[in-house]
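Biologist: Hi, could you walk me through a couple of spots in this protein model?
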Amino acid sequence: MLKRLWSVLLVLCLLLPACAAAEAQPAKASPGMWYEVFVYSYSDSNGDGRGDLNGLRQKLSYIADMGYTGLWLMPVMPSPSYHKYDVTDYMDVDPLYGTLDDMRALVKECHALGLRLIIDLPVNHTSTQHDWFKLATTSLKFGNLGNKYIGFYTFSQKRTGKMARVEGTNWYFEEQFSGGNMPDLNLTNPEVRRQLEKVIRFWLKDVDVDGFRLDAVTSYTDTLEGNIEVLRWINDTAKAAKPDCYIVGEAWTSLDQISRYYESGIDGFFLFPASQAEGYIVSALKAQKPAESYFKALAATESAIPDGIIAPFLCNHDTGRSVGLLQARSDPAKAKFAEGLLNLFPGSVFTYYGEEIGMVGSGVDPNKRIGMYWAQGEITLPPPGATRTDYAYPGVYAQQVDGASLLNYCKALNHLKAKFPVIMTGRSEALVVDGALLALRRFDGESECVIAINFDAQSEGRIALSGSYALSGELLTGTDPVKLDTEEGKTSLQLPPYSIAVLLEQN
Ligand SMILES: [Ca+2]
Ligand SMILES: [Ca+2]
């Protein structure tokens, strides 16, 4: 008995340090279905024609009902521009959007509805109107080179690379973007990091947001290693403040490079190779052998990102909108099916506001960021500089009452993924890759399902699987249903054009 007690104690002693070590590891955020919102163009609550936080708050039940699990807000901090990527104060809200208290109320209501909320944290650069830059350049003008704010940026009397002149001096400042308005911060300066640590803690602890979207991470420093080091610092700082926060970075680059960025420990990076007209989704739809094209892209992505949360998307505020990319203005079936293909990638899929109703927009940036189309008479003013504001598909309210709308397809898709989270958490193995037909197994070690896809726009397809499966979900772009027959341990599946089926194996 005594011997037994000793061995129990010994086992406990051995386990305890291991448990403590496990607790010190930051909790991994879990994948979800994210919705990107440009507050300026979403919903107006005070009648000035521009969207605001209280307007967005009135639409949260719509977003939750659609099945999205989180929101990414493009920058909400004070800024002289309409897009607000050039911040003048990292610890406040732009008065056009509301107040910090409005922000706190928004976060609270998100959480009550089960939604997470992350905000854009654009720290590669500030506005030239930021106090740090004003203090630095005033000091340069007066020859006071000892001022600490000079070290917040990169100044030089020689113009090299991407630089702009400090007005009224012989000095130049580094800026990777814009034309003289967005000076790059020196993110290796410990004093800058002390300031940013305050900012990160403020939003996570005081305002209670659930994480950040990091803008322009490939421009943080001059090297990949340097960028990864800054990201690791941001990640450690944020996870220390809120262990389960979710951080997603914008590394607009190739899959190989994106894969390297995961070394920073950041939860996820946007999967740029899946997006836009040349990306995985549009390419698969155009391919001679669409099943092979799609599965190859999926397999390459999963092998490049074995552990992190993949963050696929089709379009965002910097790209042409999905219906234009797909040339689907008069082809809603194609727009639906493309959303299906995108959403069957594992990880956290991001939907750009209006994508779920097939909004269009391309060319200059403001065209890609026009007012959310709720209904005629309920659209915010276009951002300054917009040259085109047309809408290809009906508005939200009209699509809500149309069972065959793109909106209802996207809603069904989100709810299907909520029912089978393995679609988001798992990895893939091909079962059938044949012309326009694909069947794959999605598994995560705990659960699994089979996803079957017919890429043909016109013809139905038949897939034979060994094993007995039951139909557990279907995503249809037309009126014909999926048909399934099981006999003697074999399953035969009949898929209508542009359709997707989710199957569970029967024991
Ligand atoms: Ca307003
Ligand atoms: Ca930079």
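Modeller: Happy to; we'll take a helix pair and then a strand with its partners. This is a predicted model, where local features need pLDDT of at least 70, side-chain atom pairs count only at pLDDT 80 or more, and totals for chains, interfaces and linings use all residues. Residues are numbered from 1 along each chain as its sequence is written, and chains are lettered from A and ligands numbered from 1 in the order in which they are written.

Biologist: At what angle do α6 and α7 pack?

Modeller: Helix α6 (residues 190–206) packs against helix α7 (residues 224–241) at about 40°, and their axes are 9 Å apart. Helices here are DSSP runs of H or I with at least four residues, strands are E runs of at least two, and both are numbered from the N terminus. Axes are lines fitted to C-alpha atoms, for helices over the stretch in contact, with angles from 0 to 180 degrees between N-to-C directions.

Biologist: Which residues meet there?

Modeller: From α6, R193, E197, I200, R201, L204 and K205 meet W233, T237, A238 and A241 of α7; contact takes C-beta atoms, placed from the backbone, within 7 Å.

Biologist: Switching topic, is β19 mostly covered or uncovered?

Modeller: Mostly covered: in strand β19 (residues 499–505), five of the seven residues are buried, that is, 20 or more other C-beta atoms lie within 10 Å of their own, with C-beta atoms placed from the backbone.

Biologist: And which way does β14 run against β19?

Modeller: Strand β14 (residues 448–454) pairs with β19 in the antiparallel sense over five bridges; pairing needs at least two DSSP bridges. V450 stands opposite L503 of β19.

Biologist: How many bridges join β16 to β19?

Modeller: Six, and strand β16 (residues 469–475) and β19 run antiparallel. L475 has I500 in β19 as its bridge partner.

Methods. Contact = placed C-beta atoms within 7 Å. Buried ≥ 20, exposed ≤ 12 C-beta atoms within 10 Å, placed from the backbone.
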